[in-house]
Amino acid sequence: MNEVTVQQEKQQAPKLDPQNSTRSLLSKIGYVTLYTVLGIIAFFQIYPLIWLVSFSLKTNSEVFNDSPFSLPSNPQWGNYLTVWTEGNISLYFFNSVWITATAVVLTVLSASLVTFAITRMQWKLNKVVLGLFMVGIMIPVHSTLIPLFDFFLRVNLIDNPIAIVLTYTAFNLPLTIMILLGFYYTLPREIEEAAVIDGCSVHRIFFQVTLPMTMPVIATTAIINMIYNWNEFIFINTFISSDKYKTLTVGIQNFVGQYMTEWGAIGATLVISILPILIAFFFLSNKIVEGISSGAVKG
Amino acid sequence: MNKVMSNKFIIALYVFPALFLIMLLIYIPIALTGYYGLMKWDGIGEMTFIGLENYRRLITDGMFWTSVYHSFLLAVFSALSLVGYLVISLILAGKIKGANLLRKIYLIPMLLSSVAIAQLWLKIYHPTNGVLNSFLMSIGVDNPPAWLSDPKIVLFAIFIPIIWQYAGFYILIYYAALKNIPDSIIEAAKIDGATPFQIGYKIKLPLISNIIKITVVLAIVGSLKYFDLIYVMTGGGPNGASEVMASYMYKQAFGSYNFGYGSAIGFFLLLIILIVTWLIRKLTVSDEEIQY
């Protein structure tokens, strides 16, 4: 935001080059220390995952007899094949995909409609409605759990994926609207105003002018929503009991409970469950970083 | 312009779906939590109104207060760890090559599901084949602890993966805020002879004080309602040694079918979070938005 002005104001400040060699030696030692510390932290953040991949490729005898630091001597890719074909993991994976995707589309679309109405249309209660969405960010999920369970039980939506999709949508709306708002406020209104003068209907303005213009922020919110939905645990654990509707998070929880001692299979399952997120991060890390920081900081 | 853009019917149409969902699935349930807290109810049968009986029970329930204590311990722990994240971010936002890559690496655990993290750390903490105890034995510790079954250390053993999960998130936020400080301010301070330490402590930190405040709220509130890793890794055990408010509520409602009592705990959790948020904002009140 400030970057343009920052660039302009940037001055060629005189570099205070350390003249004597002791100082330059000291600063070298300082840099080495800094990089070592930063490197150690990076190692701690990443090593558990490397270790996970390593034991997912081991046989049980390797896991229990060899050092946990050793690499798999003969990588057991069969572990992945086994959990994918023999357990329910492929079913859980498919459920995760469609539940996540449906909830993301519903959230982004209904949040865009609200944000459009709040920022572009004239009505009296828009500040009140905006306030309702913003306060929603503070509500702890756990305090709604019992009444939600009771409600879905009464309307026969317990153990039904519709309950999950609607809950994900509702609880992601506040954050999504908050991120969208920031973008809508900075977006010039001239194009929309011109469209009004040309006699465009509101629906056409929204779908053919505003929505395409907000694609960058829609991508940001969609990926953040995707991560949250993919990883969600407490709702699905509480509202879904049939295997055929379970997603990966609660599915692997049950799977691991059944195969306590099969480390290779457990590791393979965990890797399968986190792989889509890691792939998304590899290609879209800037979008994800932007979404996480804008979502948190504007709160 | 005004006529088209103030069509009441279209406004209602656009706002309704989202508003309906948050009213139905967030606000009505929140109100009902308070109401159900006044009931004796097993979740299936009839509700009986018992007034404040559940709250009276709450006050005398030792296990509940233990869980409150653990939640607050986690909150203090998380708030203190922010200092470390700040230092790391100050270093990263200085002239460090590869800072962008490093902060992305730090962020990775935050993107993973709590269940996957919990299962992975169950393996790391495994008493005999886990990577932690194997390491400790290899450097000569004869009897490394059974991290998750020792009531004295289980709570702190669980704090570690929670820190591991969220460290990158806070570093990311601080880094972004520090990068937003105009270079001209820092250059001016350098010309005036300020040391890097003075620049960090007396210029950069005050300039991002608003962000720091937000992260303190996030860390404390997030800790008070924390649930996932604890539920999966220990279920609050052994013997309540790692029980926190949310896990205790879940256990009462969906484990013992005390839905009325569980609702009372849920309502109490909501109140604590609102009060703490309000208190922190009040205590750290700032007079004006910082302008560069």
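Biologist: How are residues, chains and ligands labelled, and which pLDDT is needed for local features?
Modeller: Residues are numbered from 1 along each chain as its sequence is written, while chains are lettered from A and ligands numbered from 1 in the order in which they are written. Because this is a predicted model, side-chain atom pairs count only at pLDDT 80 or more and totals for chains, interfaces and linings use all residues, whereas local features need pLDDT of at least 70.

Biologist: What mean pLDDT does chain A have?
Modeller: The score pLDDT is the predictor's confidence in each residue, from 0 to 100. The model as a whole scores ipTM 0.88 and pTM 0.88, and chain B averages a pLDDT of 88, with 97% of the residues at 70 or above. In chain A, 91% of the residues reach 70 or more, and the mean pLDDT is 86.

Biologist: Which element of chain A has the lowest mean pLDDT?
Modeller: Helices are DSSP runs of H or I with at least four residues, strands are runs of E with at least two, and both are numbered from the N terminus. Over residues 1–16 of chain A, pLDDT stays under 50. Among the elements of chain A, helix α5 (residues 89–120) has the highest mean, 95, and the lowest, 42, belongs to helix α1 (residues 3–9).

Biologist: Where does UniProt place the domain "ABC transmembrane type-1" in chain B, and how much of that span is helix?
Modeller: UniProt positions are given in the numbering used here, with feature names shortened, and annotations may be inferred rather than shown by experiment. The unreviewed entry places this domain at residues 68–280 of chain B. Over those residues the end C-alpha atoms are 18 Å apart and strand is 0%, while the helix share is 73%.

Biologist: Is B:G168 buried or exposed?
Modeller: A residue is buried if 20 or more other C-beta atoms lie within 10 Å of its own, exposed if 12 or fewer, and partly exposed in between, with C-beta atoms placed from the backbone. B:G168 is found in helix α8 of chain B. Because B:G168 has 27 C-beta neighbours inside 10 Å, it counts as buried.

Biologist: Which residues does A:F255 touch, not counting residues up to four places away in sequence?
Modeller: A:F255 lies in helix α13 (residues 248–258) of chain A and is buried, with 23 other C-beta atoms within 10 Å. A:F255 and A:I89 are 166 residues apart in sequence and 8.5 Å apart in space, C-alpha to C-alpha. Two residues are in contact if their C-beta atoms, placed from the backbone, lie within 7 Å. The residues that A:F255 touches are A:G87, A:I89 and A:T269.

Biologist: Why is α13(A) largely enclosed by the rest of the structure?
Modeller: The buried residues of α13(A) include A:L248, A:G251 and A:V256. The helix α13(A) is largely enclosed because its buried residues number eight of the eleven.

Biologist: How are α13(A) and α6(B) oriented to each other?
Modeller: Axes are lines fitted to C-alpha atoms, for helices over the stretch in contact, and angles run from 0 to 180 degrees between N-to-C directions. Angles under 35 degrees count as roughly parallel, over 145 as roughly antiparallel, 65 to 115 as roughly perpendicular and the rest as oblique. The axes of α13(A) and helix α6 (residues 114–124) of chain B come within 8 Å and cross at roughly 25°, so the two helices are roughly parallel.
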